[in-house]
Amino acid sequence: MSGLTTWRSRRCRSLCHGALSRATAELIDDGQGGGEVSAGAWESKGSTTDSAVFKECHVLRAGQDGAERRGVYKLVVEETRSATGAKKGSVPLGPGFTGWALPDRAEVTLPTGCAAPMGSTAPHIRASLDVPSQDEERLYRRGEKPPVDPATATRNNATVMREVATRLAERYDCADTG
């Protein structure tokens with residue numbers, strides 16, 4: 001995804017250009033509690049369209065008092081030459097989705113027909129999720145326990161990625177029809 005890149009802050013109703021509903025965005029928890037979820041997204045103009053396609057989205061949560069916002073997770077949408085392969089120890093996203101989920105990460109490849117409408121000449125578009133609060137290596141080094149049970153975190157990440165793939169495919173009218 002080439003072209004002009006800008007930073008935009010969005011409220012919950014349009015999280016990451018509609019890739020996430022507010023309810024789904026709130027599924028991922030960093031164990032610190034808090035209030036409203038919002039997002040900021042780096043946008044990139046597609047090479048073949050005038051539409052802005054977000055490239056990186058940071059989902060933030062307000063603190064208990066509604067003041068300071070902190071990053072909870074990052075969602076990246078990028079061009080790729082190959083579809084997502086399975087990751088060791090991961091769970092598949094389910095029928096109709098090419099991707100996987102772990103407690104701290106997840107990936108999904110959008111339907112094949114999505115690259116062109118999103119302004120890409122690459123064969124595939126991949127969305128990846130990074131949840132730092134669930135990073136097992138970091139938690140182990142610090143002697144901490146995960147803020148959310150790993151099985152629950154994995155389920156929530158899978159739900160987020162299924163929604164991202166579905167909503168982006170609908171937005172760019174590129175859902176698999178097979």
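Asp-173 lies in the segment that follows helix α3 (150–171), where helices (H or I, at least four residues) and strands (E, at least two) are DSSP runs numbered from the N terminus. The model is a predicted one, in which local features need pLDDT of at least 70 and side-chain atom pairs count only at pLDDT 80 or more, while totals for chains, interfaces and linings use all residues. Residues are numbered from 1 along each chain as its sequence is written, and side-chain values use heavy atoms, with hydrogens and water left out.

Although Asp-173 is not a glycine, its phi is positive, at about 50 degrees. Most residues other than glycine have a negative phi. Two of the residues discussed here have a stated relative accessible area, for which buried means under 20%, exposed over 50% and partly exposed in between (1.4 Å probe, protein chains only).

| Residue | Relative accessible area | Class |
|---|---|---|
| Asp-173 | 70% | exposed |
| Thr-84 | 9% | buried |

Thr-84 is placed in the loop between β4 (69–80) and β5 (91–92). Its contacts (heavy atoms within 4.5 Å) include Trp-100, Glu-107 and Arg-126, leaving aside residues up to four places away in sequence. The C-alpha atom of Thr-84 is 9.2 Å from that of His-124, and the two residues are 40 residues apart along the chain.

Arg-61, in strand β3 (residues 52–62), touches Glu-26 and Glu-68, among others. The backbone oxygen of Glu-26 lies 3.3 Å from a polar atom of the Arg-61 side chain.

Notes:
Polar contact = N/O pair within 3.5 Å; in protein donor to acceptor, adjacent residues only side chain to side chain.
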